[in-house]
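Good morning, everyone, and thank you for making time for this short talk. Please have a look at the sequence and the model as I bring them up, and then we will go through them together.

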Amino acid sequence: MNQAAPKPHSLPVPEPDALEHSRRLTAHLADAIDAAGGWLPFDRFMELALYAPGLGYYAAGAAKFGRLAADGSDFVTAPELTPLFARTLARQLGEIFEQTGDAQVLEFGAGSGRLAADLLLAFEAEGTPCETYSIMELSGELRARQRETIASAAPHLLARVTWLDRLPDAFRGVMLGNEVLDAMPVHLWARRPDETGQPVWFERGVVRTPTGFGWEERLYTGPLPEALDALADLPPTQEYLTETHEAASAFVRSVAPLLARGVLLLIDYGFPAREYYHPQRAHGTLMCHYRHHAHDDPFYYPGLQDITAHVEFSGIADAGVDAGLDLLGFTSQARFLMNAGIIDLMSALDPTDPKTFLPATAAAQKLLSEAEMGELFKVIAFGRGMDEWAGLIGFATGDRSHAL
């Protein structure tokens, strides 16, 4: 089944050099489709679009993080909104340092380096200094930007930061990932009734068309991913598009054995399975971000836009537990930040200083509001060697582990 890709409108036109870069990646993707026999599973297309060496969105330096569309950025993350995010997170991480005696952080995909810089300063201010801060980052351009950010904000702490070319064999401390899972490739699935009205599943892939790339759905006859069992009770004639997250689960399973003692803390947007695979979420969660514009066409200027999907946290929880970790907590970002003391940090701000107070409170509102990031973003924590510890302050109230 072939379907033309939706085409977004009124999006900014790239500069000529960016267009040329996108053309090179487009040619690379076309070659990959040809090499695969004319049809490429979407997860492979997404992987190449984001991570193809020297060409992908994250691998070639096209990924930008910031606050203003004018600076070429495509989306804004919580650390970029306000240092309150890192200062609050540092309270939780500092508690882990004190309990374990391992004051080390390993951050996956550190973006602009803003979170790392703010965390290092917050640890110092809280009296729980970080001994070593390691960053696992594949992009050379982003490594350089991270170094520049940290050197500018916390030059006296730069010596504590190292960039890793490979993961350590063992790690003690806190493994941290903020908006890492959502950028991992996903499989796309379509459920449609056949000519008898019975539901059948198709896997979505990408083909070449006279105008670029397009969708082609192929009947899937193998065993379906277990996650799709949640949709078994849909009405037979209901059509449904969704994703499964094998790469994100594999990431958790791969890093879990490296955690000798400490906590794996992941922050991202998404839902547990019962909400993710809800009958009303019939169009999936795949989304693209281009210069602060969100749209649903992953074929638009490959290499110049981010492609993401919401995280299915039940699968993430299962992957961590299956890999031998203990599930320590799962809650909304708002509840986590409030438990960890963001309200206390806000109350310490001087309301008579509007240049500082007003932007900080507006940013905090965005972090906490159910209509903004507060409910959509979730925090999940796994641990090893933490059996004697009663719990983490970030999950003191509102823990939803039972709902995973």
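Let me begin with a definition: helices (H or I, at least four residues) and strands (E, at least two) are DSSP runs, numbered from the N terminus. Counted in that way, the protein chain has 12 helices and 17 strands. Please keep in mind that this is a predicted model, in which local features need pLDDT of at least 70 and side-chain atom pairs count only at pLDDT 80 or more, while totals for chains, interfaces and linings use all residues. Residues are numbered from 1 along each chain as its sequence is written, and side-chain values use heavy atoms, with hydrogens and water left out.

As for overall dimensions, the C-alpha trace spans about 65 × 50 × 45 Å along its principal axes. Of the 404 residues in the protein chain, 54% are buried, where buried means under 20% relative accessible area, exposed over 50%, and partly exposed in between, with a 1.4 Å probe and protein chains only.

Now to one residue, Thr 244, which lies in strand β10, residues 240-244. Is Thr 244 buried or exposed? Thr 244 is buried, because its relative accessible area is 2%. Leaving aside residues up to four places away in sequence, Thr 244 touches several others, including Val 186, Pro 225 and Tyr 277, a contact being heavy atoms within 4.5 Å. By comparison, Arg 91 is 153 residues from Thr 244 in sequence and 34 Å from Thr 244 in space, C-alpha to C-alpha.
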